[in-house]
Amino acid sequence: MEITGQAEFADRLFASAVAELDVADVVRARSFLQSNVMMSNTGHLDLMNHDPRSITVAKAVRHLYEPVPTRLISAGEIALCPTCRLPALSAELPEHGTIWCEAEVCPRDKPVTDSPRAADVLLLHRALRLFLVLPGLVEQSCLERLRDAGTPLSQLATGTYAGRLDGTDGVVRFYDRTCATLLAGQVVRDRVTVAVVPANTLDYGFRRAFENSLPDDTEISLLSDEELVLRNNTKEKADAQR
Ligand SMILES: [Zn+2]
């Protein structure tokens, strides 16, 4: 379910947490949060396994983690969706899969194999789970596929990338939102020219609602991750193909 203002709230939480870090550490902090939806609540043990730079980053973002809310706890455990790795509610028998997960669109029939004791972990703030970790899944998979295809995106700022689509330079950012109107508002605010969403979100109705919600003078391409991978081409590679 989408809540108005949560994406902006997530951006503010992140920006204030990393305000004192240098550019390289901001990138590290973003990737740390995207790959750690939970943290051990003993903290100290977590940090022993990291290099000194990661410790700086982990310390800066540690306050963004909270005790697991009761609604996500069942029999003292928090289940993680085997597909998106976000919190889920397990079926009565974990081997029967999940009845809900935070991404909302994952297959329900994969067995739940990871459900730590809720008391042992802290969970990343919900706004950041939904607006940093969730789009991080499509972001990471796209970046990998583009790298493998020899047409990598280059990073412009935290979370935005320079791409070259059909011969035109674009500012690319990844999203995973179920409400097209809220997405349009966020994309305009982020000043990107190419918004990428998971293919399973992007049907005719979503595209139409998105376009209808953009201000008149705005030209923003809405692409699925698959379309981005097909259409992105580096200048060097395009020249080589001529
Ligand atoms: Zn899921």
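Modeller: Ala75 sits in the loop that runs between strand S2 (65-67) and strand S3 (79-80). Keep in mind that this is a predicted model.

Colleague: What is the phi of Ala75?

Modeller: Phi of Ala75 is near 50 degrees, which is a positive value in a residue other than glycine.

Colleague: Is Ala75 buried or exposed?

Modeller: The cut-off for exposed is over 50% relative accessible area. Ala75 has a relative accessible area of 80%, so it is exposed.

Colleague: Which loop holds Asp166, and what is its phi?

Modeller: Asp166 lies in the loop between strand S8 (160-165) and S9. Its phi is positive, about 50 degrees, although Asp166 is not a glycine. With 54% relative accessibility, Asp166 also counts as exposed.

Colleague: Now the helices. At what angle do H1 and H5 pack?

Modeller: Angles of 65 to 115 degrees count as roughly perpendicular. Helix H1 (residues 6-17) and helix H5 (residues 126-148) pack at an angle of about 95 degrees, their axes 9 Å apart. That angle makes H1 roughly perpendicular to H5.

Colleague: Which residues make that contact?

Modeller: From H1 they are Gln6, Ala7, Phe9, Ala10, Leu13 and Phe14, and from H5 they are Arg126, Ala127, Leu128, Phe131 and Leu132. Sorted by class, the contact of H1 with H5 has nine nonpolar residues, one polar and one charged.

Colleague: How do the axes of H1 and H6 cross?

Modeller: The axes of H1 and H6 cross at roughly 35 degrees and come within 10 Å. H1 contributes Ala7, Glu8 and Asp11 to this contact, while H6 contributes Gln186, Arg189 and Asp190. By class, the contact of H1 with H6 has four charged residues, one polar and one nonpolar.

Colleague: And the pocket: what is the volume of the largest pocket, and how many residues line it?

Modeller: The largest pocket has a volume of about 340 Å³. Its lining consists of 19 residues, and Asp11, Phe14, Arg30, Leu132 and Arg173 lie nearest the centre.

Colleague: Which elements give two or more residues to that lining?

Modeller: They are H1, H5, strand S9 (168-174) and helix H6 (180-190). H5 supplies the largest share of the lining, six residues.

Colleague: What is the make-up of the lining by class?

Modeller: The lining of the largest pocket has 10 nonpolar, two polar and seven charged residues.

Methods
Residues are numbered from 1 along each chain as its sequence is written. This is a predicted model: local features need pLDDT of at least 70, side-chain atom pairs count only at pLDDT 80 or more; totals for chains, interfaces and linings use all residues. Side-chain values use heavy atoms; hydrogens and water are left out. Axes are lines fitted to C-alpha atoms, for helices over the stretch in contact, and angles run from 0 to 180 degrees between N-to-C directions. Helices (H or I, at least four residues) and strands (E, at least two) are DSSP runs, numbered from the N terminus. Angles under 35 degrees count as roughly parallel, over 145 as roughly antiparallel, 65 to 115 as roughly perpendicular and the rest as oblique. Contact means heavy atoms within 4.5 Å. Ala, Val, Leu, Ile, Met, Phe, Trp, Tyr, Cys and Pro count as nonpolar, Asp, Glu, Lys and Arg as charged, and the others, Gly among them, as polar. On a 1 Å grid over the protein atoms alone, a cavity is a set of points where a 1.4 Å probe fits but cannot get out, and a pocket is an open set with protein on both sides within 12 Å along at least five of seven lines; lining residues have an atom within 4 Å of a point. Grid points are joined across faces, edges and corners, and a volume is the space filled by probe spheres set on the points. Buried means under 20% relative accessible area, exposed over 50%, partly exposed in between (1.4 Å probe, protein chains only).
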